[in-house]
Protein chains: 2
Amino acid sequence: MKTEHNITEMMQKMGKAAQAAAQNLANISGAQKNAALAAAARQLRDNKDKILSANAQDMAQAQARDIAGAMLDRLMLNEQRVEDIAASLEAIAELPDPIGDVIAQWDRPNGLNISRVRVPLGVIGIIYESRPNVTADAGALCLKSGNAAILRGGSESALSNRAIHECLVQGLVLAGLNPDCIQLIPTQDRAAVGELLGLVGYVDIIVPRGGKSLIKRVQDDSRVPVMAHLDGICHVYVDKDADLEKAIAITLNAKMRRTGICGAAETLLIDHAVLGSHLPAIADALKAAGCELRGDAAVRAIDPAILLASEADWTTEYLDAILAIKSVDGVSGAIQHIAAHGSHHTDCIITENAQTAEKFLSLVDSAIVLHNASTQYADGGEFGMGAEIGISTGKMHARGPVGLEQLTSYKYQVRGNGQIRP
Amino acid sequence: MKTEHNITEMMQKMGKAAQAAAQNLANISGAQKNAALAAAARQLRDNKDKILSANAQDMAQAQARDIAGAMLDRLMLNEQRVEDIAASLEAIAELPDPIGDVIAQWDRPNGLNISRVRVPLGVIGIIYESRPNVTADAGALCLKSGNAAILRGGSESALSNRAIHECLVQGLVLAGLNPDCIQLIPTQDRAAVGELLGLVGYVDIIVPRGGKSLIKRVQDDSRVPVMAHLDGICHVYVDKDADLEKAIAITLNAKMRRTGICGAAETLLIDHAVLGSHLPAIADALKAAGCELRGDAAVRAIDPAILLASEADWTTEYLDAILAIKSVDGVSGAIQHIAAHGSHHTDCIITENAQTAEKFLSLVDSAIVLHNASTQYADGGEFGMGAEIGISTGKMHARGPVGLEQLTSYKYQVRGNGQIRP
């Protein structure tokens with residue numbers, strides 16, 4: 001039986017092992033890390049049946065517990081999905097290795113040469129919900145960026161995670177790396193999460209991946225720094241100088257391409273000067289796509305079929321086919337509304353007026369601001385950064401998509417020939 | 001009378017005011033910020049007598065309370081020191097403005113143009129001990145980097161801080177800026193610090209400046225992210241291929257130039273291969289400069305006059321004229337000792353062997369690693385970064401000297417022409 005005491009000890013041991021692994025991993029060649037990823041991909045393919053059978057057990061238990069459909073879909077693996085997971089390890093291996101990059105280099109008048117060199121963060125704790133693919137993705141991103149990982153997945157996917165994790169560990173061992181580079185917490189006891197969040201000195205950063213309540217809990221409880229994104233209350237603002245065709249296409253895509261992702265638009269702001277000319281066509285396109293609309297009084301004066309929005313609608317992340325629509329007083333009104341109600345994630349302006357666009361891009365304080373492009377581009381892959389571990393809405397360390405580079409720190413190397421400070 | 005309740009309200013109000021000021025400040029021109037700094041410098045000179053009289057009162061109270069000499073010296077102002085403070089504001093105005101810098105820019109195959117643009121962090125809370133010059137320096141660095149500041153100085157310097165802060169506020173007002181850009185907490189009640197550390201949503205980052213106990217307390221209690229440096233247990237390693245003259249000069253400088261700064265060396269490691277040939281001359285130079293030496297058994301076998309070091313000496317930041325000396329087994333032994341006992345701040349190798357130097361620079365996991373140069377170069381000014389607010393020993397966000405650039409975040413501006421995500 002696991003007692004609290006045993007879990008504390010176990011997590012301390014995992015923390016120490018991760019730190020020891022990280023110290024070596026910081027100086028491992030890119031080739032060796034890539035070899036481990038390639039070997040892990042092969043292991044995943046070779047152990048496909050074992051993984052699918054573990055996943056079938058997870059699925060059966062989840063179904064017995066009446067778990068909702070969307071969650072079941074995220075939990076479910078099939079041959080194609082296992083192949084996708086293996087391929088994504090290979091894709092991460094293909095990305096350039098950030099470690100050792102000289103970010104900047106300069107000489108001082110006294111002859112000292114200073115370089116700023118990219119190094120790993122150290123040990124990353126990743127807490128995620130029941131998506132087995134995250135086990136592989138997160139472990140691989142940490143390894144490639146020279147960090148040791150301690151993974152803690154959702155309990156519904158425990159057996160799937162374990163099967164995938166075994167393949168990662170085999171990959172490490174086959175490449176001659178320390179298996180502790182990627183550890184998976186073996187118990188589903190919640191006390192283990194509490195211990196992980198308190199491993200100051202062993203764990204350098206915690207990355208929670210999942211819904212708002214998970215992230216909030218981690219942020220509230222963690223004594224280790226947390227890199228996370230909270231809400232994605234993303235806005236599309238249709239300016240008076242907007243091209244109507246672009247406004248329709250971008251709004252529809254920003255809201256409806258995928259409604260459940262953090263870059264999906266939740267509020268449409270329209271300059272009241274073009275409410276009459278632009279709203280109807282945009283609203284028709286959204287309705288035809290099955291989107292529920294909730295508007296303020298001015299919006300409803302144009303289209304009474306639109307439901308009345310309440311104050312809460314301006315700060316709700318629906319993650320669903322619902323859009324709040326508000327009439328605003330020009331770009332300044334849009335900027336004000338976003339400052340008051342937004343979540344500093346991703347916001348977009350649609351306008352043909354370059355000056356208005358630049359004002360919006362400067363004054364909206366969000367991780368990502370776009371001109372005439374869909375908010376659904378808020379994604380590390382779409383930015384050309386390769387895989388991402390999430391989107392950070394904080395301003396410390398990394399902001400926006402968190403790829404390999406954002407999982408690193410740096411150090412200063414100073415080369416002299418006997419300089420002493422006067 | 002201030003009640004707890006009043007302080008909570010007051011700090012909430014200060015947080016809101018700072019946030020509002022920061023929203024404007026993020027888009028203020030460099031010229032206007034510089035005008036405020038220049039005006040504040042003039043105010044400091046014009047109000048010199050007022051500042052000195054406030055400081056005289058602080059000094060009298062501190063002396064009555066038997067405050068130690070070193071602290072009194074840090075607290076004390078005179079005409080020259082006030083002039084230095086004014087000049088340092090002008091020097092900060094001269095630094096390049098980091099805000100708006102395009103850090104990177106690239107095009108995507110779909111035609112999107114992405115730029116990563118430097119923006120302020122927002123609101124910075126600075127908690128410091130009784131050094132009145134920090135009021136001006138910290139306020140100015142925050143302003144120049146586009147951040148609003150909430151300052152909380154040590155109680156011994158309360159009147160001096162207030163007098164200096166008034167000059168900063170006058171400078172802001174004369175330049176047409178919001179006086180809330182730089183606020184000073186008006187009470188010395190400790191509850192105000194607790195409230196400041198809990199202002200999540202208003203304060204973006206806390207920077208503690210002072211001794212270990214202050215920083216520890218802030219790190220333990222803060223719910224806002226903290227950027228801080230803890231210990232500076234800095235090492236000088238004298239390799240078997242060290243040039244003896246360099247070894248003497250650098251060790252002496254690293255330890256004795258100023259013993260009270262975080263970049264001062266605390267431990268000397270010597271390759272046992274050159275203990276006999278190199279130790280005596282280095283030890284003599286240190287002793288002649290008034291440094292107490294504590295060595296391990298091998299060191300004492302060469303020089304029995306050296307005191308015996310205890311285990312605790314390897315992890316003590318003396319900040320005084322004391323040096324621990326240990327014999328190690330080559331560069332690998334030095335790296336191991338530093339990994340086990342160091343504080344990831346600043347470490348130096350003295351060697352004429354380039355390969356050995358590169359091994360040390362790669363494998364020692366510290367913010368600053370030096371080859372043949374004194375650890376006392378661990379300073380933003382010496383790095384050419386202009387003024388610094390401290391040295392960060394954490395790996396998140398900034399590592400090493402924290403200058404203007406390290407007080408910023410970034411955002412992504414994406415320019416399109418109607419792109420929607422497939």
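**Close-up views of a predicted two-chain model**

**View 1. Strand β3(A) and its partner β4(A).** Strand β3 (residues 123-128) of chain A runs parallel to strand β4 (residues 148-152) of chain A, joined to β4(A) by five bridges. Two strands count as paired if DSSP finds at least two bridges between them. Helices (H or I, at least four residues) and strands (E, at least two) are DSSP runs, numbered from the N terminus. G125(A) sits opposite I150(A) in β4(A). Six of the six residues of β3(A) are buried, so the strand is largely enclosed by the rest of the structure. A residue is buried if 20 or more other C-beta atoms lie within 10 Å of its own, exposed if 12 or fewer, and partly exposed in between; C-beta atoms are placed from the backbone. Both faces are covered: one carries V123(A), G125(A) and I127(A), the other I124(A), I126(A) and Y128(A).

This is a predicted model: local features need pLDDT of at least 70, side-chain atom pairs count only at pLDDT 80 or more, and totals for chains, interfaces and linings use all residues. Residues are numbered from 1 along each chain as its sequence is written, while chains are lettered from A and ligands numbered from 1 in the order in which they are written.

View 2. Ten strands form an open sheet with mixed pairing. Their order is β1(A)-β2(A)-β16(A)-β13(B)-β12(B)-β7(B)-β8(B)-β11(B)-β9(B)-β10(B). β1 (102-107) of chain A and β10 (307-308) of chain B stand at the edges with a single partner strand each, so one side of each has no neighbour in the sheet. β16(A) pairs with β13(B) in the parallel sense over five bridges. There, Y412(A) faces I368(B) in β13(B). β9 (residues 292-295) and β11 (residues 322-328) of chain B are also parallel, over four bridges. E292(B) stands opposite I322(B) in β11(B).

**View 3. Helices on the sheet.** Helix α13 (residues 330-341) of chain B lies across β7 (234-238), β8 (265-271), β11 and β12 (346-350) of chain B. α13(B) runs at about 130° to β11(B). Angles run from 0 to 180 degrees between N-to-C directions, and axes are lines fitted to C-alpha atoms, for helices over the stretch in contact. Helix α14 (residues 354-363) of chain B also packs on the sheet. α14(B) touches β16 (408-419) of chain A as well as β7, β12 and β13 (368-373) of chain B. Residues are in contact if their C-beta atoms, placed from the backbone, lie within 7 Å.

**View 4. The α10(B)-α11(B) pair.** Helices α10 (residues 244-256) and α11 (residues 275-288) of chain B pack at about 35°, with axes 9 Å apart. Their contact has eight nonpolar, two polar and one charged residues. Ala, Val, Leu, Ile, Met, Phe, Trp, Tyr, Cys and Pro count as nonpolar, Asp, Glu, Lys and Arg as charged, and the others, Gly among them, as polar.

**View 5. Where chain A meets chain B.** 54 residues of chain A contact 54 residues of chain B. β16(A) gives the most to the side of chain A that touches chain B, with eleven residues. By class, that side has 24 nonpolar, 19 polar and eleven charged residues.

Notes:
Two residues are in contact if their C-beta atoms, placed from the backbone, lie within 7 Å.
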